[in-house]
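I opened this notebook to record what I looked up in the structure shown here. The entries follow the order in which I worked.

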Amino acid sequence: MGKSTIVPFGPQHPVLPEPIHLDLELKDEKVVKAIPSIGYIHRGLEKLVEKRGFQEYVYIAERVCGICSFGHGWGYSKAIEGLMEIEIPKRAEYLRTIWHEISRLHSHLLWAGLGADALGFESLFMQCWRVRETILDIIEQTTGGRVIFSVCKVGGVRRDISDNELKEIVKRLDALKKEIDGIAAIFLNDETIHARLKGVGTVTYDEAVALGCVGPTARASGVPQDYRIGDEGGAYKELGFTPVLATEGDCFARVKVRLLELYQSLDIIKGCVENMPAGDIAVPVKGFPPAAEYFTRVEQPRGEAVYYVKGNKTKNLERFRLRTPTNANIPVLVKMLQGCDLADVPNIVLTIDPCISCCER
Amino acid sequence: MKQIFIQTEAADLLGKAAQYKKDGYRMVQILCTRVPEGYELTYSFDKDYVMENLRVIVPLEGSVMSVTSQYWYAFVWENEIHDLFGLNVEFIAPEVDYGGKFFQLAKPMPWHELSKAQQPAAAVKVNLRPGLGVDASVKPAAQAANQAAQKPAAPAAKPAEGGK
């Protein structure tokens with residue numbers, strides 16, 4: 001063993017789409033310790049709630065992140081609806097579920113592309129992003145935007161999707177399923193991918209529980225934790241939901257869970273279309289949020305996100321807090337990196353699917 | 001979603017966190033809000049998708065014990081609260097104490113000040129003669145009434161002098 005060396009990883013790094021910094025303490029090629037620091041894109045968005053009206057803030061909540069933007073708008077709206085005791089129409093709940101699952105497809109495919117790129121698999125990266133393009137087209141067709149949806153509002157949704165449009169979306173998603181089959185087959189059967197990801201960055205069930213990780217990172221270690229099970233909003237309870245699990249806990253298991261979740265999202269969207277209730281898509285919202293507080297949660301593509309709002313009888317909220325999934329997955333990342341090879345650091349970092357914009361807000 | 005808030009003292013926090021851990025709860029988040037009394041901290045714990053929230057008030061110059069001895073991963077939220085609000089968190093394990101360097105911020109403790117809505121009403125500057133540079137301060141009604149009440153009563157009028 002040689003003497004220890006500190007190697008900085010990030011904030012600018014080829015595999016990182018967003019800036020996070022890790023000080024890696026190395027002994028030869030092995031990482032002994034990883035020290036994270038964040039804040040390069042801290043925008044203070046939580047604080048902005050004091051200056052924007054509670055209805056207007058939905059647009060800002062959506063801009064916390066460009067990938068799980070719909071989920072943030074939904075989580076914030078759900079928190080305000082809970083605070084003001086607003087019951088939204090069933091159709092709005094189903095439409096929100098459809099858009100949220102489309103977001104998950106978009107997020108997981110984007111991540112799969114980035115993962116392939118980090119492995120040096122350029123053609124797979126391009127295939128993943130080509131398939132993702134169909135999802136972006138569906139988002140544009142139904143909301144008018146490709147990244148920021150702006151369809152969620154306090155009291156329901158802004159736009160409806162007609163029954164014909166819904167049937168057409170299902171047809172397009174059926175065709176997409178075959179494309180996903182092709183991508184999944186490469187990820188799950190390619191020997192190079194096995195060699196790079198199997199047995200790397202392993203987190204056992206007990207470690208996953210002790211480190212409080214969330215989302216596919218937790219589920220890849222066998223922890224059956226998915227807020228869609230307990231979600232009273234959306235259509236999950238009515239459609240029935242069982243989380244995708246793996247038990248190996250390594251980088252490959254995290255890839256597998258995300259790929260299988262693509263199929264699950266397609267099934268949820270189909271279920272929503274088949275059982276779509278008729279009726280209104282929003283209820284009018286009157287008055288200001290009361291002097292009270294409310295917590296709610298949403299299962300984002302990267303894991304559970306927690307939303308907190310505190311009203312004070314004015315149009316501005318006193319406090320908004322968002323605990324994002326990446327925020328909860330930093331500790332497990334620190335533990336995963338201990339003892340790994342320096343060459344495996346990019347893959348390990350990417351398999352938690354870090355979203356630094358969300359993490360720093 | 002059921003909302004459960006349990007008020008507790010800062011001194012009891014670690015004991016209660018240890019009990020939650022023993023009962024199989026997962027720590028979900030720590031929330032800090034600046035309030036006129038200091039810092040309002042909310043520690044959230046989850047079991048079977050039901051969340052319980054411990055509420056602690058810490059005075060402005062006070063400090064709070066870190067819960068990383070029970071929930072190691074809480075260091076992310078504790079360091080965030082320290083860096084954004086300036087609350088002193090007493091860490092036991094030195095490896096999770098970032099000493100104010102977890103968040104790379106341009107301005108230290110940007111959320112330390114109370115929000116405008118929470119600050120006591122201040123005098124509002126009004127330009128009485130726009131363009132002439134004549135300004136006046138208008139006190140809020142409650143503040144003006146208080147000052148009037150504290151003013152000593154005017155002395156009784158002196159008897160008229162002179163004249164027979």
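The entries below go from conventions to chain B, then to chain A.

**Conventions**

I noted that this is a predicted model, in which local features need pLDDT of at least 70 and side-chain atom pairs count only at pLDDT 80 or more, while totals for chains, interfaces and linings use all residues. Residues are numbered from 1 along each chain as its sequence is written, and chains are lettered from A and ligands numbered from 1 in the order in which they are written.

**Chain B, overall**

I looked up the secondary structure of chain B and found three helices and eight strands. Helices (H or I, at least four residues) and strands (E, at least two) are DSSP runs, numbered from the N terminus. Along the sequence, the pattern of chain B reads β-α-β-β-β-β-α-β-β-β-α.

I then checked burial: of the 164 residues in chain B, 26% are buried. A residue is buried if 20 or more other C-beta atoms lie within 10 Å of its own, exposed if 12 or fewer, and partly exposed in between, with C-beta atoms placed from the backbone.

For contacts, I used the rule that two residues are in contact if their C-beta atoms, placed from the backbone, lie within 7 Å. Of the contacts in chain B between residues at least 6 apart in sequence, 47% join residues at least 24 apart.

I asked how many bridges join S2(B) to S3(B). Nine bridges join strand S2 (residues 26-35) of chain B to S3(B), and the two run antiparallel. Two strands pair if DSSP finds at least two bridges between them. Leu31(B) has Thr42(B) in S3(B) as its bridge partner. The link from S2(B) to S3(B) is a hairpin through two residues.

On the other pairing, S3(B) is joined to strand S4 (residues 50-59) of chain B by 10 bridges, again with an antiparallel run. Here Ser44(B) stands opposite Asn53(B) in S4(B). S3(B) and S4(B) also form a hairpin with two residues between them, and Asp48(B) in the turn has a positive phi of about 50°.

I asked why strand S3 of chain B counts as largely enclosed by the rest of the structure. Seven of the 10 residues of S3(B) (residues 38-47) are buried, so the strand is largely enclosed.

**Where chain B touches chain A**

I found 26 residues of chain B in contact with 31 residues of chain A. On the side of chain B that touches chain A, S2 and S4 of chain B each supply at least two residues. S2(B) gives the most to that side, with six residues. By class, the residues of that side are 16 nonpolar, seven polar and three charged. Ala, Val, Leu, Ile, Met, Phe, Trp, Tyr, Cys and Pro count as nonpolar, Asp, Glu, Lys and Arg as charged, and the others, Gly among them, as polar.

**Chain A, two packed helices**

I looked up helix H3 (residues 90-118) and helix H11 (residues 251-274) of chain A, which pack at an angle of about 155° with their axes 9 Å apart. H3(A) is therefore roughly antiparallel to H11(A), a word used for angles over 145 degrees. Axes are lines fitted to C-alpha atoms, for helices over the stretch in contact, and angles run from 0 to 180 degrees between N-to-C directions.

The residues that meet include Tyr94(A), His108(A) and Trp111(A) in H3(A), and Val255(A), Arg258(A) and Cys272(A) in H11(A). The contact of H3(A) with H11(A) has 11 nonpolar, four polar and four charged residues.

**Chain A, a three-stranded sheet**

I found an open sheet of three strands in the order S6-S7-S8 (chain A), with antiparallel pairing. Its edge strands, S6 (293-300) and S8 (319-323) of chain A, each pair on one side only. S6(A) and strand S7 (residues 303-310) of chain A pair over eight bridges, and Phe295(A) has Tyr308(A) in S7(A) as its bridge partner.

Helix H2 (residues 69-83) of chain A lies across S6 and S7 of chain A, at about 150° to S6(A). Helix H12 (residues 325-337) of chain A packs on the sheet and touches S6, S7 and S8 of chain A.

**Chain A, two positive phi values**

Glu85(A), in the loop between H2 and H3 of chain A, has a positive phi near 55°. Is Glu85(A) buried or exposed? Glu85(A) counts as exposed because it has 9 C-beta neighbours inside 10 Å.

Asp353(A), in the loop between helix H13 (345-351) and helix H14 (356-360) of chain A, has a positive phi near 50°. Asp353(A) counts as buried, because 25 C-beta neighbours lie inside 10 Å.

Technical notes:
Angles under 35 degrees count as roughly parallel, over 145 as roughly antiparallel, 65 to 115 as roughly perpendicular and the rest as oblique.
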